Amino acid sequence: MKLSYRHLVKHIVQKPTITELSAKLFQLGHEHEIQDEILDIEFTPNRGDCLSIKGLLRDLSAFYSVEFDMPTYDKPIDSLKIKFKNKCRKMCPKISFLKIEIEDNIQDYKSNLKTYFEDLNNKPINFFTDVSNFVAYETGQPTHAYDASIFNNQVILKEISDSYEFTTLLNDKILLTDKNNVFFAENEIINLAGIIGGKKSACNKETKTAIIECAYFLPDAIIGKTIKYDINSEAAYKFERGVDPESQDFVLRRFINIVKDHVKIKNLQICTYDYTTTLPIKIPFNTNEINKILGTDISDKKFKDILSSLNFVCNEKCIEVPSYRNDVKTQNDLAEEIARVIGYDNIEVKSLSVPILNNQSNESYEQNIKGFLIDNGFFEVINFPFVSQSDKTSIKVDNPLDSNKGYLRTDLEKSLLNNLLFNERRQKEIIKLFEISDVYNYKKGQISKKKKLALIATGRVAKNHKDFSKKLTSEFLESILIDLIPQHLLSFKKINRDNLDTKLKNEIFFLEVDYDEINTSIHKYSANSKPPKEYIEYKPISELPSSNRDISFSIKDFSKLNKLEEIINGFKNDILKEKFVFDYFHNKKNNEIKLGYRFVFQSKVKTLTDSEINIVLNDIIMEILKLESVNIPGFKQ
Amino acid sequence: MSSNVDIKGPKIQKDTGAYHPINHIKYSILKVLSSMNFQIIEGPEIESEKFNFDMLNIKESHPARQMHDTFYIDNKESLLRTHTSPVQIRSMLDNKPPLAFISGGKVYRKDDDATHLPMFHQIEGIYIDEDISFAHLKNLIYKIIYSLFGEDIQLRFRPSYFPFTEPSAEVDIMSEDGKWLEVLGCGIVNPVVLENCNIDPKQYSGLAFGLGLERIAMLKHKVGDIRDFYKSNLDFLDQFK
């Protein structure tokens with residue numbers, strides 16, 4: 001919610017700067033951003049009472065002397081006779097109506113009403129509606145301004161359960177369905193109660209007689225409606241979080257006062273329908289209990305002083321909660337009030353040690369399994385469980401994000417296959433992935449959970465001269481996994497590429513097993529590849545195509561082999577992404593080594609041209625050719 | 001000349017894979033907490049409204065229970081857990097205090113945009129014993145944050161609101177560029193929740209905390225886009241060796 005710094009500070013005797021005020025707001029739990037002296041505050045949902053200038057000032061009075069400068073009309077007002085029936089007394093236990101007739105139309109706004117529109121960039125609509133919005137901003141209580149003529153007929157507040165079309169004062173047509181609380185007149189809905197008024201009964205710029213409705217709707221009557229009907233309503237936002245049932249007289253008298261500042265009032269009448277029975281909440285006065293919750297040592301006096309500054313009424317036995325604080329009911333709630341005012345950061349830390357209770361865990365077992373797979377070149381992936389297709393046992397999502405995500409996966413195959421194809425399209429020559437996840441389906445009508453391990457692999461065996469020329473086979477994969485997966489389950493299936501959107505021909509191998517079936521001997525496995533100790537700074541990856549260049553070096557003086565590897569490994573360039581030996585041959589007859597190096601180039605910003613690649617490649621080659629007895633067959637300078 | 005040189009051929013770099021960075025962070029936080037005697041527990045991702053909401057004092061009218069925030073399944077009979085808290089509830093019902101549990105895992109919210117995913121990971125912990133106070137909670141939170149970000153990190157506690165804790169707090173850390181970033185939520189377990197789990201709130205009190213792992217991983221690894229964690233791109237995964 002946006003509140004203007006100058007509207008707030010006007011009432012604060014100490015006149016804190018915006019920076020000082022900001023620090024206090026954070027201490028009280030009111031997260032916010034500041035722009036041009038406007039505080040955009042995200043109040044927690046339990047603090048509906050803060051959603052106004054007055055409301056926030058009440059909270060700030062814990063730190064400052066607050067003198068409310070919100071004059072009200074203080075003369076007696078005649079009673080209003082209208083034909084109104086409240087058939088929703090449970091959801092709306094208190095409602096007031098104010099009839100107000102003015103002499104002229106208003107040209108210009110004055111004082112706070114003027115700055116409200118200027119500072120907060122609000123758009124004026126018509127005088128009564130504008131005053132209504134401003135009073136809600138000032139006091140936290142929404143009101144609704146009707147053109148008074150609608151009350152020539154009977155108006156009924158009632159719950160409807162049929163479908164109705166309703167045109168809002170913003171001229172949007174809404175189809176109301178299920179149960180709704182509405183104001184009804186002349187067989188039409190004139191107001192969606194507590195949310196948005198109707199077009200038919202709305203005020204306009206010419207309205208001279210209005211009826212201002214000021215109601216207390218319970219949060220339950222309002223919650224969910226704005227989302228259901230896609231309505232943006234400040235009033236609903238406030239009612240959902242709870243307004244002060246005791247504020248109606250003050251709010252309407254404040255309303256009159258603002259109108260009076262702008263124009264001569266010809267006629268005023270008021271009436272209130274009150275069915276409230278709730279008594280103020282009282283909590284036993286117990287400083288010990290508060291100190292126990294917080295781990296503090298505050299005195300009775302301090303406890304009292306803090307609560308009094310927040311308008312709680314304290315006596316020896318109990319604490320009476322103000323009518324607007326619907327969030328405070330228990331000792332824990334009071335403890336939070338005390339902690340906020342002391343400052344969470346000022347509560348001294350007490351050393352905590354948890355006794356040994358029961359320290360068995362299975363997480364290390366899972367880590368051993370993963371460590372084993374990672375040692376063997378597999379990468380762990382995590383996938384979302386939502387899929388488009390179902391089999392007979394699939395669980396359906398009632399409210400999916402979209403129709404392609406309407407079911408929960410019953411196995412991991414499709415997810416991993418998608419991961420594999422995604423990487424193949426990015427020219428990856430070796431892809432080995434695994435996922436460990438629970439999957440869910442129906443078994444005999446019941447939801448059943450199974451933890452699965454699945455592996456998928458394709459392409460070459462490894463990026464080194466011994467393995468690069470070899471393609472992965474199920475025999476090879478099974479030979480490396482024999483320690484992990486029992487023999488009778490260790491059988492990779494080949495996924496048919498015919499229906500896949502790919503031109504590649506490498507075989508795809510997939511295996512899924514129940515996690516519970518994994519060899520328990522893996523408990524003792526100690527992984528070679530540990531996760532890094534320090535957190536690695538991630539470098540954003542390129543989505544542009546990469547290019548490979550293979551170069552074959554011939555070495556006569558074998559002692560130069562290490563030096564050559566050293567030079568190439570040490571060579572760094574922004575577009576050189578990867579390099580490795582993919583081929584090695586010792587020709588004993590010629591007493592010569594042949595070394596095949598693959599260089600992978602990729603830029604983060606553009607698709608590389610041959611000449612850009614060649615410039616870098618040339619630098620490497622020139623460096624290497626300085627080594628005696630090393631040359632590149634067929635290469636001419 | 002060459003014949004007396006020992007020819008081993010080029011060095012063979014073993015191709016190793018990597019943990020998913022989210023799980024790496026999960027394991028390292030669980031390790032810190034289990035060394036403090038918290039017991040690691042697990043629970044189902046499909047839950048009932050009772051365990052996901054009711055037992056945690058999240059009332060029927062709470063916005064989180066609306067269809068737009070929670071994935072419901074099985075004609076609203078069940079749901080995908082929106083936090084890992086129901087795991088703690090189940091364990092509190094099965095055990096008597098004192099008890100100290102942590103659980104980490106996948107949770108689901110009906111969200112899908114540049115900063116929110118329909119699935120993400122949480123770690124949550126709870127400790128119930130006699131005389132547990134907010135001052136103790138602060139000590140634990142300092143330990144967790146220091147283990148993640150080092151002891152030089154500046155942090156602050158802010159009042160917040162969760163239906164299952166009272167008082168509740170959010171914890172911010174100061175980033176390198178001088179901004180406060182929220183990393184963790186915590187509080188004193190609401191006595192209503194203890195009662196729901198048949199624990200006498202007159203005798204026992206508790207502390208609880210929860211953190212989102214993606215957020216921590218983004219800060220630790222400087223990953224700018226949360227969606228990168230779930231593209232399964234080898235160029236991404238390969239960086240976390």
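This is a walk through a predicted model, going from the two chains down to single residues.

On one side of the meeting place are 97 residues of chain A, and they are in contact with 84 residues of chain B. The side of chain A that touches chain B is made up of 46 nonpolar, 24 polar and 27 charged residues.

Seven helices and 10 strands can be found in chain B. If you look at contacts in chain B between residues at least 6 apart in sequence, 64% of them join residues at least 24 apart.

Strand E10 of chain B covers residues 205-212, and seven of its eight residues are buried. What pairs with E10(B)? Strand E6 of chain B, residues 119-129, pairs with E10(B) in the antiparallel sense over eight bridges. Strand E9 of chain B, residues 180-189, also runs antiparallel to E10(B), and here the pairing has four bridges. You can find both pairings at Ala208(B): this residue is the bridge partner of Ile126(B), and it is the bridge partner of Gly187(B) as well.

Chain B also holds two peptide bonds to look out for. Most peptide bonds are trans. The bond from Pro97(B) to Pro98(B), however, is cis, with omega near 0°. Pro98(B) sits in the loop between helix H3 (85-94) and strand E5 (99-108) of chain B. The bond from Glu166(B) to Pro167(B) is cis too, with omega near -5°, and Pro167(B) belongs to strand E8 of chain B, residues 165-174.

Now turn to chain A and find its open sheet of four strands. Reading across, the order is E27-E28-E26-E29 (chain A), and the pairing is antiparallel. The edges are strand E27 (576-587) and strand E29 (630-631) of chain A, each of which pairs on one side only. Strand E26 of chain A, residues 547-555, is joined to E29(A) by two bridges, and in this region Ser554(A) stands opposite Asn631(A) of E29(A).

Two helices accompany this sheet. Helix H16 of chain A, residues 560-570, packs on the sheet and touches E26, E27, strand E28 (592-601) and E29 of chain A. The direction of H16 makes about 160° with that of E26(A). Helix H17 of chain A, residues 610-625, lies across E26, E27, E28 and E29 of chain A, and runs at about 15° to E26(A).

Elsewhere in chain A, two helices pack against each other. Helix H5 (residues 127-139) and helix H9 (residues 248-262) of chain A have axes 10 Å apart and an angle of about 130° between them. From H5(A), the contact draws on Val131(A), Phe134(A), Val135(A) and Thr139(A), while H9(A) brings Val251(A), Arg254(A), Phe255(A), Ile258(A) and Val259(A). These contact residues divide into seven nonpolar, one polar and one charged.

Ile82(A) is in the loop between strand E4 (78-79) and strand E5 (84-86) of chain A. Is Ile82(A) exposed or partly exposed? It has 15 C-beta neighbours inside 10 Å, and therefore counts as partly exposed. Beyond its neighbours within four places in sequence, Ile82(A) is in contact with Phe97(A), Phe151(A) and Cys271(A). Ile82(A) and Ala148(A) are 66 residues apart in sequence, and their C-alpha atoms are 10 Å apart in space.

The last two residues concern the backbone. Most residues other than glycine have a negative phi. Asn311(A), in contrast, has a positive phi, near 70°. Asn311(A) is in the loop between helix H11 (300-309) and strand E17 (313-314) of chain A, and is partly exposed, with 16 other C-beta atoms within 10 Å. Gln427(A) also has a positive phi, near 60°. Look for Gln427(A) in the loop between helix H14 (413-424) and strand E22 (430-443) of chain A. Gln427(A) counts as exposed because it has 12 C-beta neighbours inside 10 Å, and a residue with 12 or fewer is exposed.

Terms used
Residues are numbered from 1 along each chain as its sequence is written. Chains are lettered from A and ligands numbered from 1 in the order in which they are written. This is a predicted model: local features need pLDDT of at least 70, side-chain atom pairs count only at pLDDT 80 or more; totals for chains, interfaces and linings use all residues. Two strands pair if DSSP finds at least two bridges between them. Two residues are in contact if their C-beta atoms, placed from the backbone, lie within 7 Å. Axes are lines fitted to C-alpha atoms, for helices over the stretch in contact, and angles run from 0 to 180 degrees between N-to-C directions. A residue is buried if 20 or more other C-beta atoms lie within 10 Å of its own, exposed if 12 or fewer, and partly exposed in between; C-beta atoms are placed from the backbone. Ala, Val, Leu, Ile, Met, Phe, Trp, Tyr, Cys and Pro count as nonpolar, Asp, Glu, Lys and Arg as charged, and the others, Gly among them, as polar.
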